[in-house]
Amino acid sequence: MLASKAKVVQRLFAAIFVIGVCAASLLAQKVTTDYDKTKDFYRIHTYFWANVKAPNDLWTQRIKDTVNAQMDTKGWKLVDESSAEVALSALVTTQQQQQLNTYYNGMGGGWGYRGFGGMGTATTTTTNYRTGTFVLDMFDAKSKQLIWRGVGTDSVAGDPDKNQKKLVKAAQKMFKNFPPKTGGS
């Protein structure tokens, strides 16, 4: 009897661990960047905002403020369109996601002897969550060619302050290795 209780507790802890891992994967922020390998970013120092598509004006300003702060730390200056070397464009989208999690408990599981499973059961739960994607593009102001792209994806919280912190974190990750070492440098 004591051994069976220990197995139940062990399986309970295993299920809690799996739930924790799945929850952590939902909350993990993913940030990627890509760029024109022939462009010498060390020769560029000015930019302007060409476009920002965000859910509302509050988020438009938050995006601009966040990116401007990062650009400033890299020595880039916001200027008017006529004298800028780079045009920035930002896009924020959200979408509903679904994750299925299956947990096995009891004895057996799988196909077992002659194609039949043991005495175990499987439970599948569905987790719905909202993800947000932040895309920041840099275009050569003269040729209008894309020269750099950063993409950040994360779960969306119900709290705008938490989402703003996630935006700042994504921008920091995007600009961690910026400007990229390409061209003549």
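1. Rings of Phe, Tyr and Trp (its six-membered ring) form a pair if their centres lie within 6.5 Å; planes under 30 degrees apart count as stacked, over 60 as edge-to-face, and the rest as tilted. A search of the whole structure finds six aromatic pairs.

2. The model is predicted, with local features needing pLDDT of at least 70 and side-chain atom pairs counting only at pLDDT 80 or more, while totals for chains, interfaces and linings use all residues. Residues are numbered from 1 along each chain as its sequence is written, and side-chain values use heavy atoms, leaving out hydrogens and water.

3. One of the six pairs is that of Trp148 and Phe175, which is stacked, at 5.4 Å centre to centre and 25° between the planes. This pair links distant parts of the chain, 27 residues apart: Trp148 belongs to strand S6 (residues 146-155), and Phe175 to the segment after helix H3 (160-174). Helices (H or I, at least four residues) and strands (E, at least two) are DSSP runs, numbered from the N terminus.

4. Phe175 also pairs with Phe178, here edge-to-face, with 5.2 Å centre to centre and 80° between the planes.

5. Why does Phe175 count as buried? Its relative accessibility is 1%, and buried means under 20% relative accessible area (1.4 Å probe, protein chains only), with exposed over 50% and partly exposed in between. Phe178 counts as buried because its relative accessibility is 4%. Trp148 is buried as well.

6. Ring pairs join Trp148, Phe175 and Phe178 into a cluster that also includes Tyr35, Phe41 and Trp76.
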